[in-house]
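Hi,

Here is the structure I promised to hand over. Have a look first, then read my notes below.

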Amino acid sequence: MAHAASISALPCGGQLHRRIFLAPHRSSPASASTTDSLFTSASASTSNYSPKVVVTRERGKNAKLITALAKHEIRCLELPLIEHTQGADLHRLPSVLSDNVFDWIVITSPEAGSVFLEAWRAAGMPHVKIGVVGAGTASIFKEAMQSSKQLLDVAFAPSKATGKVLATELPKIGHKSTVLYPASEKASNEIEEGLSKRGFEVTRMNTYTTVPVQNVDQMVLTQALAAPVVTVASPSAIRAWKNLISDSEWNNSVACIGETTAAMARRLGFRSVYYPTQPGLEGWVESILEALGSYDELLRCIEAIMFIHEMSGLH
């Protein structure tokens, strides 16, 4: 469980949630104009017709999250922040799979899984044993497993869905276990370093990379800035959001898919960061709901301040 900072400095006091991270709050009270501005912005973003959650995965990959949130009557706005492009080693992956046998193939993201599957089919569908970082990544292989006649074996997931825990818990097969690690060019060296320290022989291949979306519709961006919660599924996405809003005073909530992305959000200076302890769609939705609940509580605090301010003006 993540540790939370106290937020008793908020107007209504109390603690919003155990997984919210806040920067130090200014001790001076907000002026009437500041409060008016906050209230106007917050009210606008929570109207029945305004989207409450921004989904930022690559276009075409947000449907599951949008559907899950729709069950809670939450309107979403799609604003893709990143897109995936070919990595330097992708062209070699099919031949590496057909010419070599590995004890494990380690897959740590849905995109890495999708890219791997294409290369695996091009290699003639050799028998492979796969270790995945978590349930979300495992789901990419579900259909292929049903049709591959056991040539594709998703055989391991760590007790906690992080690369660090995967590197600690991946079972060794024989004295010198071999691992193929197809990854994003931007992924850290955490997994191969952790496995190498345990005696694994690791072959890393950078099969894809992520780049920020170049053209963003300004009307969509305006709506996104007003939404209470922005969701992000990778460190690349939160970096893209940071660059996109660099000239604005945006301070609403970020709901991250997991701990790694949340850590990047905090390093980039975001004040309100939520994430599930176990990455996956269900936990992500829970974190989004928590962020929205905290925002609603903040609105009630602002309304109380406005009421007190107006009443004091009558005396």
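The axes of α10 and α11 come within 8 Å and cross at roughly 25°. Axes here are lines fitted to C-alpha atoms, for helices over the stretch in contact, with angles from 0 to 180 degrees between N-to-C directions. Helices (H or I, at least four residues) and strands (E, at least two) are DSSP runs, numbered from the N terminus. So α10 and α11 are roughly parallel (that means under 35 degrees). P235, I238 and R239 in α10 touch T260, T261, M264 and A265 in α11 (contact is heavy atoms within 4.5 Å).

Before you go on: this is a predicted model, where local features need pLDDT of at least 70 and side-chain atom pairs count only at pLDDT 80 or more, while totals for chains, interfaces and linings use all residues. Residues are numbered from 1 along each chain as its sequence is written, and side-chain values use heavy atoms, leaving out hydrogens and water.

Now the rings: there are 4 aromatic pairs (Phe, Tyr or Trp six-membered ring centres within 6.5 Å; planes under 30 degrees apart are stacked, over 60 edge-to-face, the rest tilted). W250 and F270 have ring centres 6.0 Å apart and planes at 80°, so they sit edge-to-face. Their pair joins distant parts of the chain, 20 residues apart: W250 is in the loop between α10 (235–244) and β10 (253–256), F270 in the loop between α11 (259–267) and β11 (273–274). Ring pairs also bring W241 into a cluster with W250 and F270.

Cheers

Conventions. Parallel < 35°, antiparallel > 145°, perpendicular 65-115°, else oblique.
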